[in-house]
Amino acid sequence: MLKIEKAERLKQLPPYLFAELDRKKEEARDRGIDVIDLGVGDPDQPTPKNIIDSLCQAAQDPRFHRYPSYSGLNSFREAVCLWYKKRINLELHPKNEVVSLIGSKEGLAHIPFAFINPGDVVLVPSPAYPVYKVATQFAGGIPYEMPLLKQNGFLPDLGAIPPAILAQAKMMFLNYPNNPTGAIATREFFKDVVALANRHNIMICHDYAYSEMAFDGYLPPSFLETPGAMEVGVEFHSLSKTYNMTGWRIGFAVGNSAIIGGLGQIKSNIDSGIFEAVQIAGIEAMRDDAAWLKEMQTLYTERRDLLVGGLRKLGLPAELPKATFYVWCEVPKNHTSASFCAHLMEKVGIVATPGNGFGAPGEGYFRMALTVSKERIEEALDRLTRVGF
Ligand SMILES: *Cc1c(COP(=O)(O)O)cnc(C)c1O
């Protein structure tokens with residue numbers, strides 16, 4: 001009998017904190033309970049029709065049936081440059097400052113392999129999207145967690161990172177607008193990041209997945225707007241959340257050409273790019289998208305106001321996010337993250353994500369995603385009002 005033994009890189013992963021909740025969700029559904037799932041960060045609405053039509057048409061074209069180019073169609077990379085030019089007036093070179101990604105998660109997961117040697121430190125926020133830390137560990141790097149705390153506006157306290165860590169650090173991940181806290185970054189903060197990067201020779205990887213999902217006229221700054229940012233970092237971007245395209249797997253990274261080049265080199269040894277018909281659809285998505293963005297932002301604004309208003313009425317101190325489709329909220333005093341989310345699941349059939357699942361500093365919080373209709377949000381609030389906590 002073969003002994004199948006996992007590699008250390010898998011064995012070292014912490015137990016999956018959401019597994020227990022997933023099990024409870026399945027169990028409740030099996031019992032016939034009408035579960036309201038506020039757990040997943042996946043848009044419930046379909047991809048806009050013009051994008052689907054564009055894919056259907058491109059899929060008929062035999063030119064797009066062959067292996068794609070590694071770094072992406074020239075026309076796709078040019079569309080990305082045009083987007084940055086329009087959005088923040090930044091001139092990018094499509095040849096060496098842009099690379100297409102099979103979803104931004106793919107690029108975030110691969111970038112440590114291009115630059116991190118065993119023992120190098122990577123600064124990662126916590127709570128956070130789990131990929132930054134896991135990818136660092138897969139590459140043999142040592143993650144150093146920067147806590148995101150309420151008293152700092154959920155920005156890392158750069159001054160609190162020990163000098164010995166800064167001396168060993170080679171890369172830093174950031175994500176604003178932020179998942180899971182819904183926090184936003186100021187331009188001042190990004191300036192401090194660039195200064196730190198230069199002082200300590202640290203590459204900056206900014207995850208900008210929620211760049212367009214913002215409310216009340218707020219326009220989240222790009223890291224690359226910051227003077228000097230192009231010399232120290234790259235920005236990861238996704239079509240997933242902006243255009244309801246999570247299933248399509250398309251994103252991109254832009255910025256410093258040496259960093260983009262390293263990522264591209266890893267990728268060309270592992271994958272073979274994105275189906276070109278999907279890239280054609282991606283170009284269509286980014287083209288002339290003002291009306292769509294407004295529609296998307298209005299939808300989430302209404303849901304946000306309803307959910308945050310309802311939670312506050314119940315005495316839960318939900319933050320009003322300026323961006324992202326997440327509501328981040330402290331659990332009631334008598335609960336932990338886990339016990340509160342278990343209570344919601346068992347007593348009222350509501351799925352919320354326990355904050356500690358994103359990292360220890362998320363303990364004491366839960367996250368709800370605005371990915372269900374207003375009717376379902378109202379139903380969830382009704383149930384909560386009836387049952388209490
Ligand atoms: C959803 C999400 C992503 C992943 O986006 P894809 O382009 O679909 O891979 C990346 N970062 C954050 C913070 C996310 O929430």
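1. How far is an oxygen atom of the ligand from an N or O atom in the side chain of Tyr210? In this predicted model, the separation is 2.6 Å. The protein covers 95% of the ligand's accessible area, which amounts to 390 Å² for the ligand on its own.

2. Further polar contacts with the ligand deserve mention. A polar atom in the side chain of Ser240 is placed 2.6 Å from a ligand oxygen. Lys105 takes part through its backbone, where a polar atom lies 2.9 Å from an oxygen atom of the ligand.

3. The surroundings of the ligand comprise 14 residues, of which Asp207, Tyr210, Ser238, Ser240 and Lys241 are the closest. By residue class, this shell contains 4 nonpolar, 6 polar and 4 charged members.

4. Helix H3 spans residues 49-59, and Ile51, Ser54 and Ala58 are buried within this helix. These three residues lie on the same side of H3, because the arc they cover around the axis is only 60°. Helix H11 (276-286) is included in what covers the buried residues of H3.

5. Asn244 belongs to the loop that runs between strand S7 (233-238) and strand S8 (251-255).

6. Leaving aside residues up to four places away in sequence, Asn244 touches Pro43, Gln45, Pro46, Thr47, Leu239, Trp292 and Tyr300.

7. Lys3 is located in the segment that precedes helix H1 (8-11). Lys3 counts as exposed because its relative accessibility is 68%, the threshold being over 50%. A polar contact of 3.4 Å joins the side chain of Lys3 to the side chain of Glu5.

Note on methods: Residues are numbered from 1 along each chain as its sequence is written. This is a predicted model: local features need pLDDT of at least 70, side-chain atom pairs count only at pLDDT 80 or more; totals for chains, interfaces and linings use all residues. Side-chain values use heavy atoms; hydrogens and water are left out. A residue is near a molecule or strand if one of its heavy atoms lies within 4 Å of it. A polar contact is a pair of N or O atoms within 3.5 Å; within protein, one must be able to donate a hydrogen and the other to accept it, and residues adjacent in sequence count only if both atoms are side-chain atoms. Accessible areas come from the Shrake-Rupley method with a 1.4 Å probe; for residues, only the protein chains shown count as cover. Ala, Val, Leu, Ile, Met, Phe, Trp, Tyr, Cys and Pro count as nonpolar, Asp, Glu, Lys and Arg as charged, and the others, Gly among them, as polar. Buried means under 20% relative accessible area, exposed over 50%, partly exposed in between (1.4 Å probe, protein chains only). Helices (H or I, at least four residues) and strands (E, at least two) are DSSP runs, numbered from the N terminus. The arc is that of the directions from the helix axis to the C-beta atoms. Contact means heavy atoms within 4.5 Å.
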